[in-house]
Amino acid sequence: MTSGLNKYVKYALVLLLSVALILFTEQIKHLKNPESGSISWDTIGGLAVLWLFSFIGILISAVMKKVPVKFLQEFPVLGWVSITSLIFCLSSDMFVNAIQAVNFLSITTPILTFAGISVANRLADLRKTSWRVAIVAIFVFTGTYLGSAIVSEIGLAFTR
């Protein structure tokens, strides 16, 4: 029982580390651009709400692993967190207002950091893939960049 509880304490601490990284990013943003606004209690409240949604999603995922329905067992944690957030935000504007105080750009930095760490842990698996994957990736990245540039140019042409 304590090992199961320790697992959830670790999850809670990792989520807390994420919140701390978001606060750090907010503070650096404020130091670089003082007009951007500083960290307020609303920001901390919004991060607490995001932490709560994430932890509830993790708990729901753990409960669903015990359900005999295979689809629910294999449903990703991110999906449960999204569904939890959606339900809570639809039920009360209080949650939406709390989350609005958190800068979106400050959230993306820790997420990209964790994504980079997870990819770095699987470099051996990436080396086993064919070299053709790199060519496909280059075309996908180039196409995405050019597509975004074309859409933005069209948007700018309409605003002139």
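How far apart in helix α3 are Lys70 and Glu74? They sit four residues apart in α3 (residues 70-74), so about one helical turn separates them. The model is a predicted one, in which local features need pLDDT of at least 70 and side-chain atom pairs count only at pLDDT 80 or more, while totals for chains, interfaces and linings use all residues. Residues are numbered from 1 along each chain as its sequence is written, and side-chain values use heavy atoms, with hydrogens and water left out.

Side chains of opposite charge can pair when their charged atoms come close. Searching the whole structure turns up two salt bridges (a side-chain nitrogen of Lys or Arg within 4 Å of a carboxyl oxygen of Asp or Glu). One of them joins Lys70 to Glu74, with the closest N and O atoms 3.7 Å apart. Both Lys70 and Glu74 are exposed (over 50% relative accessible area; buried is under 20% and partly exposed in between, with a 1.4 Å probe and protein chains only). Another salt bridge links Lys29 and Glu26, at 3.9 Å from N to O. This pair belongs to helix α1 (residues 2-32), where Lys29 and Glu26 are three residues apart and thus about one helical turn from each other. Glu26 is buried, at 4% relative accessible area, whereas Lys29 comes out as partly exposed at 22%.

Turning to helix packing, helices here are DSSP runs of H or I with at least four residues, numbered from the N terminus. The axes of α2 (residues 41-64) and α5 (residues 93-100) come within 7 Å and cross at roughly 120° (axes are lines fitted to C-alpha atoms over the stretch in contact, and angles run from 0 to 180 degrees between N-to-C directions). The two helices are therefore oblique to each other (angles under 35 degrees are roughly parallel, over 145 roughly antiparallel, 65 to 115 roughly perpendicular and the rest oblique). On the α2 side, Asp42, Gly46, Val49, Leu50 and Phe53 meet Phe95, Ala98 and Ile99 of α5 (contact means heavy atoms within 4.5 Å). Those residues split into six nonpolar, one polar and one charged (Ala, Val, Leu, Ile, Met, Phe, Trp, Tyr, Cys and Pro are nonpolar, Asp, Glu, Lys and Arg charged, and the others, Gly among them, polar).

Helix α4 (residues 77-91) also packs on α5, at about 110° with the axes 5 Å apart. That makes α4 roughly perpendicular to α5. Phe88, Cys89 and Ser91 of α4 make this contact with Phe95, Val96 and Ile99 of α5; by class, it has five nonpolar residues, one polar and no charged ones.
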